[in-house]
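Here is a short report on the fold, its sheet, its cores and its aromatic pairs.

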Amino acid sequence: MQVLIADDSALVRAMLQDTLEEAGYEVIACADGLQAWDAISRGESRLAVLDWMMPGLSGIEICQRLHESNVANWVYAILLTSKDSPDDILRAFQAGASDHVCKPFREAELLARIRVGQRMINLQMELAQSQKLESVGQLAAGIAHEINTPTQYVGDNIRFLKDSFEDIGEVLEVFDQLLQSFKAGSVDADALAKVEQAMKRADVDYLREEIPQAIDQSLSGVEQVAKIVRAMKDFSHPGGETKTMVNLSESIETTISVARNEWKYVAEVETDFDQSLEDVPCMPGELNQVLLNLIVNAAHAIGDKLGSESTERGTITVGTRRLDNFAEIFVRDTGNGIPESIRRRIFDPFFTTKPVGKGTGQGLAITYSVVVEKHGGEIDFTSEVGKGTTFFVRLPLACGVPA
């Protein structure tokens, strides 16, 4: 793991660097707060040891920025200072510091606190993976239901066609007898009566009308299952750190299909794509997770507003547009909106307004990390209480993709 150290004293930086490198850490050394903030903003390290008093930005100011800008979702900040009064320590934690080490530091204590930070970061990463698995498990039940419905009526239609073929077989049998009688020159009224009776028993007019419909419905059901399977295949595109060119409209349509069981009972989904927007460089698997989080959250927001007994439906609108050097994706819902009092916290890890057992509070934290840290993009939102929320994801267009 890389550890960022920031101290305006060359001697202290050297001591910190030697201590950490001997312990097996990679070190990013910064001489002032501005250098440290730039490195942290670029996502170069999730674990930082910051001097309280530095030129440009103090360690405590960096902690405040981390907390206010949500970069703190992924940075464990340890303040290094000679300030050791209870009030100073309390001030450090209130500013957003994760831990506090007094100067002159003891190597064993510093390394112990860094290991705590490392465990916290690893735990956060494990929880992020857990949230992804939770999403997959949640989707699996819905997808099973989505596949079961067309499979059921395909099965019903095939059983109908089987019975119908038996009836038609009886009609064909008496027609064959009639044909043989005709060839022998002995067609009589009795043979014709048998044909009429067989056609009446089979209800040929009904079969003539219903069989084509049953075939069309079956073909439609098979295509629906195939569409869901294709969507799941596209959605589960392997993740990784390599960006490829992705058609945003297709990714959004895929995610809408995969998440259908989450929204179909509470909302109609509308799309508004900018057809002039070309393919965008991104990580497909990570982007699918972002889209899924936002669409499922929109469905839950509408469901919470309408209540379980309501027969009304809200609207989720998902669209794209070009915005300067960014491709923007927006997800708009007609839910209750986000209260002003919690808006600054919605990207914080573990923060959730959902009941215990329904959410880990990791969805939007992961979304923020994927968009900002992995794609160098932006995410923000607008919300009006009682009317709904719109999330905006902006991905940079000027980004190289390996050949």
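Strands β3 (residues 47–51) and β4 (residues 76–81) run parallel and are joined by five bridges. Strands here are DSSP runs (E, at least two residues), helices likewise (H or I, at least four), numbered from the N terminus. Two strands count as paired if DSSP finds at least two bridges between them. Within this pair, L47 stands opposite Y76 in β4.

The two strands belong to an open sheet of five, ordered β2-β1-β3-β4-β5, with parallel pairing. β2 (26–30) and β5 (99–102) stand at the edges with a single partner strand each, so one side of each has no neighbour in the sheet. On average, neighbouring strands of this sheet are turned by 20° against each other, direction ignored. Axes for such angles are lines fitted to C-alpha atoms.

The model is predicted: local features need pLDDT of at least 70 and side-chain atom pairs pLDDT 80 or more, while totals for chains, interfaces and linings use all residues. Residues are numbered from 1 along each chain as its sequence is written, and side-chain values use heavy atoms, without hydrogens and water.

The protein chain has 11 helices and 12 strands. Of its 403 residues, 43% count as buried, that is, under 20% relative accessible area with a 1.4 Å probe, protein chains only.

The largest nonpolar core has 41 residues. Such a core is a set of buried Ala, Val, Leu, Ile, Met, Phe, Trp, Tyr and Cys residues joined through side-chain atoms within 4.5 Å. I316, I329, F347, F391 and V393 have the most contacts inside this core. Elements giving two or more residues to this core include β9 (314–323), β10 (326–333) and β12 (388–396). Helix α10 gives the largest share, 10 residues. Apart from this core lies another, of 23 residues, among them W37, A48, V75 and A77.

F391 is buried at 9% relative accessibility. Its contacts (heavy atoms within 4.5 Å) include L294, I329, F347 and F381, not counting residues up to four places away in sequence.

The structure holds five aromatic pairs. Rings of Phe, Tyr and Trp (its six-membered ring) pair if their centres lie within 6.5 Å; planes under 30 degrees apart are stacked, over 60 edge-to-face, the rest tilted. Two of the pairs are these:

| Pair | Centre to centre | Between planes | Class |
|---|---|---|---|
| F347 and Y368 | 5.5 Å | 50° | tilted |
| F381 and F391 | 5.4 Å | 35° | tilted |

F347 lies in the loop between β10 and α11 and Y368 in helix α11, so their pair ties together parts 21 residues apart in sequence. Both F347 and Y368 are buried. F347, Y368, F381 and F391 form one aromatic cluster.

Note on methods
Buried < 20%, exposed > 50% of the residue type's maximum accessible area, 1.4 Å probe, protein only. Axes fitted to C-alpha atoms, helices over the stretch in contact; angles between N-to-C directions.
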